[in-house]
Amino acid sequence: MKHAFIRIIIRLFRITRAYCILCPVYRGEGVILGMHRVVPNCEKPRIASNSRIEITPEFLEELIRFFRGIGYEIISLDRLYERLNRGKGTGRPFVCFTFDDGYVDICRNALPIFEKYNAPFAVYVVTTFADKSAVLWWYMLEDLVLNHDTLDISIRGRDYSFKCPGHDQKEGVFNRLRSVLMELPQAQVPEEVKALCAPFGIFPEQYTDQLMSWEQVSELSRHPLAIVGAHTVHHYNLRMLSTEREVEWEILESKRLIETRTGRKVFHFAYPFGSRQEVGRREIEVASRCSFHTAVTVREGAIFPGHKRHTEALPRIEITGRHQDITLVDMRRCGTVSLMRNGFNRQVTL
Ligand SMILES: [Zn+2]
């Protein structure tokens, strides 16, 4: 109900361009954009919750040109930290480009674009991704569902039988399987999906070429335009971990591994998933003890000078495949969505 209401208001803002009035009050000093993958559109049918983390190279270029066109400065996370802490900066509004997880398309498709525009960006790397030991179970499930019109499977001794000849049914089956898996302890999900997919000839090794290797992470960390940040070891929902110690290990171990592999200090962190369901006070307190300069969530919001005291929970504007629309980005950088989601509170933290 609340979401439907927000959608109507956003549509009204868009048609009337009323959001321009709010801009001076809600746009703050600038924004951090949060993205995942940059891949060209493909003809192949996809499961929406997977394709939503992909934007096209064309849209990435459009974003860079849009922000430069309206006078924004594209700055690195290091410059953002300096600007917040020491008030250093040109006074122009800024935008930071960040990408979560460490998919290889950031090296192949995004890096050449940032080089073309001489613009800085950051990638938050999951260390089991770079190890190639992570099981990309969401893509395995996608192929399982897309390639079969009937499925008779068993999860933890419980049998499931699905008929899914049409795409909408496949989306439904994917979401059903995912919610069944999400009920399990997080560490068990990869093994469960491996067992589920093996009889269909779907194996984790078929997917690891989508991830950056340690060599690529290391090369990126030496690139003058790129910053490599940490994003935990396993990409668990940190809030679901039972002890503070486990949360701390996930964060600190990923920082240590990246520093060892790249020979460079890691000063920036992104919470996995990053919404309120996955990041609470405990996670923020733990991250604040891990010697980072900045840590980001996906709470929607712009950056204000007061964020100087909250660099361990900076909001971002999450750009997804569903939101490849410059007018919508314009509205969001003005704070239109943030003010509705956060009860007119300008400075979003926890
Ligand atoms: Zn992530």
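**Close-up views of a predicted model**

**View 1. A salt bridge between E29 and R83.** The side chains of E29 and R83 meet in a salt bridge, with 3.7 Å from N to O, where a salt bridge is a side-chain nitrogen of Lys or Arg within 4 Å of a carboxyl oxygen of Asp or Glu. Because E29 lies in the loop between α2 (19-26) and β1 (30-35) and R83 in helix α5 (residues 77-86), the pair ties together parts that are 54 residues apart in sequence; helices (H or I, at least four residues) and strands (E, at least two) are DSSP runs, numbered from the N terminus. By this rule the count comes to 19 salt bridges. The model is predicted, so that local features need pLDDT of at least 70 and side-chain atom pairs count only at pLDDT 80 or more, whereas totals for chains, interfaces and linings use all residues. Residues are numbered from 1 along each chain as its sequence is written, and side-chain values use heavy atoms, with hydrogens and water left out.

View 2. D101 lies in strand β5 (residues 94-101) and H231 in the loop between β9 (226-230) and α12 (244-262), so the pair ties together parts that are 130 residues apart in sequence.

View 3. The domain assignment, which is automatic or taken from a database, gives domain 1 (2-131 + 216-341) and domain 2 (137-206). Their contact (heavy atoms within 4.5 Å) takes 16 residues from domain 1 and 13 residues from domain 2. Between them the two domains bury about 1200 Å², 50% of it on carbon and sulfur atoms, buried area being the accessible area (1.4 Å probe) that two parts lose on being put together, summed over both. In domain 1, the residues that lose the most area to domain 2 are I47, N50 and Y236, together 45% of what that side buries.

**View 4. Salt bridges across the domain interface.** Across the interface of domain 1 and domain 2 the rule finds 2 salt bridges. The side chains of R46 and E142 meet in a salt bridge, at 2.8 Å from N to O. Helix α3 (residues 48-51) supplies 3 residues, the largest share of the side of domain 1 that touches domain 2.
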